[in-house]
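Thanks for making the time this morning.

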Amino acid sequence: MNLSPLQKARYEYSPKLPGMLRNGIAEICVSEGAATASVADQEKIKALFPNTYGKPEITFQKGANTSAAKKQVVGVILSGGQAPGGHNVISGLYDALKATNKDNVLLGFKGGPDGLLKNDYVEFDDAFIDAYRNTGGFDIIGSGRTKLETKEQFATVAENAKKNGLTAVVIIGGDDSNTNAATLAEYMAAKNTGIQVIGCPKTIDGDLKNEDIEASFGFDTATKTYSELIGNIERDANSAKKYWHFIKVMGRSASHVALECALETQPNICLIGEEVAAKKMTLAQITSYIADAVEKRGNAGKNFGVAIIPEGIVEFVPEFSKLIAEINELLAGEATAKFNALPDWTSKYNFIKAGLTAESFAVFDILPQGIQQQLFLERDPHGNVQVSLIESEKLFSEMVKAELAKRKAAGTYKGKFGAQHHFFGYEGRCAFPSNFDADYCYSLGYNAFMLIQYGYTGYLSKVSNISKPAEEWVAGGMPITKMMNMERRNGEDKPVIRKALVELDGAPFKYFEAHREEWSVETCFTYPGAIQYYGPAEVCDLTTRTLALEKGV
Ligand code: FBP
């Protein structure tokens, strides 16, 4: 393998553990809290998880080890989208497992949940793990999005686990994957397999957090990477003074990534999906809001700016969601083939006009033609519009352009408008983990093994107090059922981990809200620069602005 100088240097980095875990199992004991209850729908969740519901929160402390000596054979998977630090969760898990008993074994199941179903795995050893320490990516064993949720799948996993003598499975994933980890844990307990299941909170989207989990790993590095790029673009905009940059950032649904990037870079505009939904904003209102900033700046001679658009925005616009639902209905079943057979866009347009309600057609009709056509291009396996493929950065810039043309004709807008478009997503998911993510992930993995060693199942590895230096971090575990409620999914009520959306009364949004008017008209850009791996702690070990504001530090 060809190694870059940074990669070589990062191999030498020693991730920081919470103080209480630093001396290994010999000096780690457990303190159990009170029984827990799920955040909502307690009776229903309790009935669905009779073996794993209501268990206590646990916290590790310094003290004499009381765990039973037992050879552990642990299987681990990476599940869902990549997030910086996944390799460190595995190396932390491996180090804790080997430090506890050199005969313990760690198997990495390949390609996400599929690896567990197909019994496709590798056995890790020192050389294998050493090649991935402190690196980005999930390439150590790959990842996948297969959902582990049916009884048949669980039976296959149990069978494969038994074949390999597994004592525990660790699932590194987001809210859906950890919901499935809880169901798998319940299955394993109900069947008396003796196999424990532990989850670790991952996702760059930042939406797996709650009163127990302060942040999902990967959010820190991904947002720092996007913020570096946005800062660079801001500086370019402020140098050339001739473009508005419309920048879409990842985050399938929640706008945490967009908000964090805005807090880091102070752009002129940042849309927040959750606010758009709460205020029931229309596309025209959002367009007008952006055009107002462009107009004010343009009339003051500042024909440049930066607007951040969250990937999930369109689903938060009520009239747009309704339009998508109607299109999905309109093209259900055989109608798709009929639609595709129409000879040209005019006939397709007329078909759409005849099939939509007048209200939804009016929304469709104000979209730029390129976006209208995107709605009918790629469909998911269920035949639904793939909303995440809609180029919302272009949607808004084109709508703003049309609005500005009207304002120009009316004589209110005197500036010039030229737009550039960007989408930052994959650029940030496999970056070298920041020191924070390298430390946090290693700790989550190390801690996951302690939960296994102490016999817990159905728990999420929990490392808290993470806005403080690592020495003060608190390690422990929380039953996953505590984070669950019932939600309607595909026509059925299901127990799921509650997804964290941006809270409009939370400190990060409040800070943004208090400053955004000034940022929209003035040029208040801040340039965060590249992630720093070496240097003073106040530069290298910083947490996100989101976490700092949430914790008041
Ligand atoms: P996870 O929720 O699995 O962590 O993935 C998040 C994410 O990166 C989203 O931000 C993005 O919308 C999506 O994955 C992209 O998925 P894919 O990798 O399948 O293109």
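Let me start with strand 12, which is mostly covered, since six of its six residues are buried. Please keep in mind throughout that what you are looking at is a predicted model, and that the values I quote are computed from it.

Which residues of strand 12 point one way, and which the other? Y459, S461 and V463 point to one side, while L460, K462 and S464 point to the other, and all of them are buried.

With strand 13, residues 474-479, strand 12 pairs in the antiparallel sense over six bridges.

Let me come back for a moment to S464, which lies in strand 12. S464 counts as buried because its relative accessibility is 11%, and the cut-off for buried is under 20%. Leaving aside residues up to four places away in sequence, S464 touches E214, W473 and V474.

E214 gives us a way into the cavities, as E214 is among the residues that line the largest cavity. A search of the whole structure finds two cavities of 30 Å³ or more, and the largest has a volume of about 70 Å³. Besides E214, its lining includes G206, K209, H256, F219 and L547. Which helix gives the most to that lining? Helix 23, residues 545-551, does so, with three residues. By class, the residues of this lining divide into three nonpolar, five polar and three charged.

The second largest cavity has a volume of about 30 Å³, and Y13, P15, N88, S91, R133, N134 and Y442 line it. Its lining has three nonpolar, three polar and one charged residues.

The pockets are a separate matter, and here I will discuss the second largest pocket, in which about 660 Å³ of space lies. Of the 25 residues that line this pocket, the closest to its centre are K209, N210, E211, E503 and E550. Helix 9, strand 12, helix 21 and helix 23 each supply at least two residues of the lining, so strand 12 and helix 23 come back into the picture at this point. The composition of the lining is 10 nonpolar, five polar and 10 charged residues.

Helix 21, residues 507-521, also holds F509. Is F509 buried or exposed? It is buried, because its relative accessible area is 2%, against a cut-off of under 20%. Not counting residues up to four places away in sequence, F509 touches L259, I272, E275, V502, E503, L504 and R516. For a sense of distance, the C-alpha atoms of F509 and K70 are separated by 48 Å, the two residues being 439 residues apart along the chain.

K241, in the loop between helix 8 and strand 8, has a phi near 55°, a positive value in a residue other than glycine, and at 44% relative accessibility K241 counts as partly exposed. K280, in the loop between helix 10 and helix 11, has a phi near 50°, again positive in a residue other than glycine, and K280 is exposed, because its relative accessible area of 61% is over 50%.

Terms used:
Residues numbered from 1 in each chain as written. Predicted model: local features only at pLDDT ≥ 70, side-chain atom pairs only at ≥ 80, totals over all residues. Heavy atoms only, no water. 1 Å grid on protein atoms, 1.4 Å probe; cavity = no way out; pocket = protein on both sides within 12 Å on 5 of 7 lines; lining within 4 Å. Points joined across faces, edges and corners; volume = space filled by probe spheres on them. Helix = DSSP H or I, 4+ residues; strand = E, 2+ residues; numbered from the N terminus. Nonpolar A, V, L, I, M, F, W, Y, C, P; charged D, E, K, R; others polar. Buried < 20%, exposed > 50% of the residue type's maximum accessible area, 1.4 Å probe, protein only. Contact = heavy atoms within 4.5 Å. Pairing = 2+ DSSP bridges.
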